[in-house]
Amino acid sequence: MHEGSAFTSQQWLSGLLPEVNSARSVLASADRLLRQDGALERDLDAVLATYSIGVERLMKLALGTGAVSRGEGWPTKMGFTREGWGHALDEMDERLRSELREAVESGDWERKQMLRSWICTLDNDPVWAAVVRTLRNYADAGRYHHLDQVAGKEVSSRSSSEMWDEAERAAIASSSSLAAHHQRTTEGAGFAPFERELRAEVADSIKRWVSIVCLCGFHGVLGEDWRVIGASALPDDALPVRALPNCEAKA
């Protein structure tokens with residue numbers, strides 16, 4: 001807690017610190033799961049369950065802390081998926097990117113062009129866009145997709161594997177080296193090295209999202225409380241944050 005915080009000492013000790021530690025730990029576990037060797041089919045449910053928890057926690061911490069710093073109070077609808085909160089990770093991601101973008105554009109930041117390039121990267125990463133849709137599907141209903149079929153219920157979700165396939169296709173399409181590796185694999189090269197590179201490519205995209213959200217906090221975007229929390233949530237092995245090529249040109 002810092003001097004002038006919008007939160008009480010009790011809120012920091014009993015609420016914010018445990019949640020940020022949990023988000024950091026869960027996201028680190030998800031990253032290790034996704035990067036390990038082996039067929040992803042074996043690990044997919046564990047990967048999606050762990051990432052969905054970690055990403056949701058980090059989003060809610062950023063959005064809630066930013067709202068309190070602006071004097072709006074903690075969002076009252078944060079638990080309601082139908083209201084665009086709850087497990088609506090794609091909608092919360094859009095809301096968070098909008099708030100970060102607005103804060104960067106309206107502020108007099110020392111590294112404003114760099115911050116702009118980061119926000120542009122969040123807005124234009126096709127891999128993250130596919131991943132966050134997959135995580136929303138899984139967190140909201142997709143984790144019960146097959147049980148709903150067994151029960152004879154109307155199934156509105158999509159299967160986890162179907163959703164994850166979209167993220168993998170986005171990763172292949174956005175990386176020339178990965179696309180070339182994929183082509184060699186279809187022509188008979190071993191699958192395991194390609195699987196390893198593919199899993200790492202998706203993991204890198206997710207970790208870049210985590211790193212940018214945290215580092216925006218470190219630079220003071222979304223308020224002083226998020227500066228402290230973002231620094232605490234930043235992964236130990238955070239990737240060097242490099243903007244997408246089309247965003248670097250705008251920086």
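A disulfide is here a pair of cysteine sulfur atoms within 2.5 Å. The structure on screen is a predicted model, in which local features need pLDDT of at least 70 and side-chain atom pairs count only at pLDDT 80 or more, while totals for chains, interfaces and linings use all residues. Residues are numbered from 1 along each chain as its sequence is written, and side-chain values use heavy atoms, with hydrogens and water left out.

Begin by selecting C120 and C247. Their sulfur atoms lie 2.1 Å apart and form a disulfide; by the stated rule, the count is 1 disulfide. View the pair along the S-S bond: the torsion there is about -75°, so the disulfide is left-handed.

Next, display the secondary structure, in which helices (H or I, at least four residues) are DSSP runs numbered from the N terminus. C120 belongs to helix 4 (residues 112-124) and C247 to helix 11 (residues 245-248), so the bond ties together parts that are 127 residues apart in sequence.

Buried means under 20% relative accessible area (1.4 Å probe, protein chains only). C120 has a relative accessibility of 10% and therefore counts as buried. C247, at 0%, is buried as well.

Finally, select C216. This residue is likewise in no disulfide, and the nearest cysteine sulfur is that of C214, at 9.4 Å. With 0% relative accessibility, C216 also counts as buried.

Notes. Helix = DSSP H or I, 4+ residues; strand = E, 2+ residues; numbered from the N terminus. Buried < 20%, exposed > 50% of the residue type's maximum accessible area, 1.4 Å probe, protein only.
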